[in-house]
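Student: I've got the model open and I'd like to work through it with you. Can we start with the strands?

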Amino acid sequence: MLSEWLDWTLDESRNASRQGRFASGHFDVSAPGVLRLTPDTQRRDAHACVFSAAIHGNETAPVELIGAWLSALEAGTLTLGAPVLVILGNIPALKAQQRFMHTNLNRLFTRELAETGKEPARARQLMDEVDAFFNQHAGLPKLHYDLHTAIRGSLYPRFVVEPYADTQTHSAQWEWLAAADMQAVLHQHQHSWTFSHYSKHYHGAQSFTFELGRVAPFGQNDMAALRPMQALLASLSEGTPPATRPADSMVYFRVQHELMRHSDHFTLCFADDTLNFTGFAPGTCLAKDSQNGDYRVGDTSLHVVFPNANVEVGARAALLVAPCAPPTDD
Ligand SMILES: O=C(O)CCC(=O)N[C@@H](CCC(=O)O)C(=O)O
Ligand SMILES: [Zn+2]
């Protein structure tokens, strides 16, 4: 059964069907943690939708959200009208309830990937699945929502990262995101090789990384705050136009600088409980690195997002961002 897929993915010893029917379509499991849903009747407004979760294994709210949405399809309270590829990214990390096992899966989504190991192998498998899905539905507009939660609290608890790529984001997306109660948007300034970037860069999909609150164990997420987001997933999967709200009801930031960890002796100069989007005045020291020296804010204030001193050497330790104007119409 469809709603058992999540449990079955986590417990491969259990028997579950690899394909079958539900009220408004059929499903098949094409790889572990990869579920393809095909509608009996495709609606005119349908997108080819990719909904992914658990690219980081300890981010459980998106898994609960996908679970609730699958249950509605199973119960027939929601009708599938668009093809959807559902992905649970890092299954060993999801079982272990940790961000990753060996390396951060969400930095590996490039066709030039040279690394070997379990997470690189999983990244290759997921890229192949996305390629096959978008090729199968080449006549439809493409969309990928990669659902996450953030490690720390945030001045804007729900926000999206817009990956950097040539494809322009349609103005309707901002209105849908605002209606889904996203509070902020962060435009990336360079290629980042995340999963959402993969779909945008290689397939021209409308694509975002969503941060849906703060990391918490299963059962401890504030799912009430995610009802508007669930409504957006529901509309997209029904193939009906999503609710809208003015785009300028969200605040917008652009990445100015990616703060990298260059050495073993790397520290951030602010408290561990500093909220995402906290601003720092010109001249403030933000990081100390024995290899790279101190990093200080330049002439204009910067806000810090995803600060994490414990990343691998050579990895991103924070995004430094500045406010920008809301996008204008297409
Ligand atoms: O809270 C944090 O520090 C990390 C949350 C998270 O996993 N964020 C994504 C953002 C991806 C992007 O930049 O588009 C990540 O770091 O992979
Ligand atoms: Zn994440």
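Student: Over how many bridges do strand S13 and S14 pair?

Tutor: Keep in mind that this is a predicted model. Strand S13 covers residues 285–289 and runs antiparallel to S14. Within that pair, Cys285 sits opposite Arg296 of S14. The count of bridges between S13 and S14 is four.

Student: Which strands stand at the edges of that sheet, and why?

Tutor: The sheet is open, with three antiparallel strands in the order S11-S13-S14. On average, the twist from one strand to the next is 15°. An edge strand has a single partner, so one of its sides has no neighbour in the sheet. That applies to S11 (266–268) and S14 (293–296).

Student: How many residues does domain 2 bring to the contact with domain 1?

Tutor: The domain assignment puts domain 1 at 2–249 and domain 2 at 257–324, and their centres, taken over C-alpha atoms, are 29 Å apart. Domain 1 puts 10 residues into the contact. Those on the domain 1 side split into six nonpolar, three polar and one charged. From domain 2, the number is eight.

Methods. Residues numbered from 1 in each chain as written. Chains lettered and ligands numbered in written order. Predicted model: local features only at pLDDT ≥ 70, side-chain atom pairs only at ≥ 80, totals over all residues. Domains from an automatic or database assignment. Contact = placed C-beta atoms within 7 Å. Nonpolar A, V, L, I, M, F, W, Y, C, P; charged D, E, K, R; others polar. Pairing = 2+ DSSP bridges. Helix = DSSP H or I, 4+ residues; strand = E, 2+ residues; numbered from the N terminus. Axes fitted to C-alpha atoms, helices over the stretch in contact; angles between N-to-C directions.
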